[in-house]
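Visitor: Could you take me through one part of this structure up close? I'd like to look at the core and then at whatever surrounds it.

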Amino acid sequence: MKAAVVVFPGSNCDRDLAVAFKAAGAEVEMVWHKDTDLPAGVDIVGVPGGFSFGDYLRCGAIAANSPICRAVKAHADRGGYVLGVCNGFQVLTETGVLPGALLRNAGLKYICKTVRLRVETEMSDYLHGYGEGDEIDIPIAHHDGNYFADKETLSRLRGGDQIAFTYVDNPNGSCDDIAGILSENRRVLGMMPHPERAADLGHGGTDGQALFRAVAGQLTAA
Amino acid sequence: MKVTVHVMLKTGVLDPQGEAVRHALGALGFDGVNGVRQGKVIELDLAEGTSEADVEAMCERLLANTVIESYRVDMP
């Protein structure tokens, strides 16, 4: 599997995401926000966490309009795989690749802790290493992780089995406890929690490892 | 040409910052503050002749996220 990890000014989880992809067996190339094309043969694009462009205007808004994001959107539109974590999830909602938006946390505080997630579906190339209903511990670190979507969008997400993860104990006010969602074709996953921060024994937990192994296994087999 | 864009969270979208400001006003002794909504004002210095349609396109594509925000354009 060949992965590309996007780097914006202010990204700070780009290296961690690359390490997690590599540990799962992927070949990884970093791409800069000014690049206009993804490297040839890329199977999956990782959009990392951080504070792209200082979160100016809205989290992810400036990044979503950067040259590389046009290429990422085109990759997703072609049916390519994209994983957006934290700020990466915000970027994917700002580009319109995923529905909804991330608002300021309901409690107004930046939250940095490990939370328990429920796996809501295993019908995804990212999630088949888990079982539906499994509970896993993954760190969050965000100020704007309060997922919002209108009623129609939420019912469409539910109807399409597109909710990937929910919070067992909602830390940020997200609609329907949503922590991560899939695109309609199930190849784009956006999530606020950081699976790449729970992918090595040194992290204190490895519950995120199965996600990278699942998608790497799937794309290598294909 | 100065153009002002007002961006507000849509009605029905929770505004925790506005709510915190409302609480703080109450704590200062200002009674009867029933609600506070916080938004942003963006001032644009534009070339003469820029059309309102151009400014609306700026709002739709960048200045506002219409999933959660509404905007109003004040042309001179």
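**The nonpolar core and its surroundings**

Guide: The largest nonpolar core holds 77 residues, and those with the most contacts inside it are A:V6, A:F21, A:I44 and A:V82. Keep in mind that this is a predicted model.

Let's start with A:V6. Setting aside its neighbours within four places in sequence, A:V6 is in contact with A:V31, A:H33, A:V45, A:G46, A:V47, A:P48, A:I68 and A:V72. Apart from this core lies another one, of 5 residues, including B:V55, B:C59, B:L63 and B:Y71.

Now the sheet. In chain A, 9 strands form an open sheet with mixed pairing, and the order is β2-β1-β3-β4-β11-β10-β9-β6-β7. The edges are taken by β2 (27-32) and β7 (135-142) of chain A; each has a single partner strand, so one side of each is left without a neighbour in the sheet. From one strand to the next, the twist averages 20°. As a bit of background, strands of a sheet pair through backbone hydrogen bonds, either parallel or antiparallel.

β3(A) and strand β4 (residues 81-85) of chain A pair in the parallel sense, over 4 bridges. Here A:V45 stands opposite A:V82 in β4(A). You've met both already: A:V45 is one of the contacts of A:V6, and A:V82 is among the residues with the most contacts inside the largest core.

Zooming out to the whole of chain A, its secondary structure comes to 6 helices and 11 strands. Buried residues make up 55% of its 222 residues. Of the contacts in chain A with a separation of 6 or more, 72% are between residues 24 or more positions apart. The C-alpha trace of chain A spans about 40 × 40 × 35 Å along its principal axes. A compact globule with 222 residues would have a radius of gyration near 17 Å, and the 15 Å of chain A agrees with that.

Two spots in the loops are worth a glance for their backbone angles. Most residues other than glycine have a negative phi. A:L57, although not a glycine, has a positive phi of about 70°. A:L57 lies in the loop between β3 (44-47) and α2 (61-64) of chain A, and it counts as partly exposed because it has 18 C-beta neighbours inside 10 Å. The other spot is A:D177, with a positive phi near 60°, in the loop between β9 (163-167) and β10 (178-182) of chain A. A:D177 has 19 other C-beta atoms within 10 Å, so it is partly exposed too; a residue counts as buried at 20 or more.

Finally, over to chain B. Strand β1 (residues 2-9) of chain B runs antiparallel to strand β2 (residues 40-45) of chain B, and 6 bridges join them. In that pair, B:V5 stands opposite B:I42 in β2(B). β1(B) is also joined by 6 bridges to strand β3 (residues 69-74) of chain B, again antiparallel, with B:L9 opposite B:E69 in β3(B).

As for where the chains meet, 9 residues of chain B are in contact with 12 residues of chain A. Helix α1 (residues 16-27) of chain B gives the largest share of the side of chain B that touches chain A, 3 residues. By class, that side has 7 nonpolar, 2 polar and no charged residues.

Technical notes: Residues are numbered from 1 along each chain as its sequence is written. Chains are lettered from A and ligands numbered from 1 in the order in which they are written. This is a predicted model: local features need pLDDT of at least 70, side-chain atom pairs count only at pLDDT 80 or more; totals for chains, interfaces and linings use all residues. Two residues are in contact if their C-beta atoms, placed from the backbone, lie within 7 Å. Ala, Val, Leu, Ile, Met, Phe, Trp, Tyr, Cys and Pro count as nonpolar, Asp, Glu, Lys and Arg as charged, and the others, Gly among them, as polar. The radius of gyration is taken over C-alpha atoms; the globule rule is 2.2 Å times the number of residues to the power 0.38. A residue is buried if 20 or more other C-beta atoms lie within 10 Å of its own, exposed if 12 or fewer, and partly exposed in between; C-beta atoms are placed from the backbone. A nonpolar core is a set of buried Ala, Val, Leu, Ile, Met, Phe, Trp, Tyr and Cys residues joined through C-beta atoms within 7 Å. Two strands pair if DSSP finds at least two bridges between them. Axes are lines fitted to C-alpha atoms, for helices over the stretch in contact, and angles run from 0 to 180 degrees between N-to-C directions.
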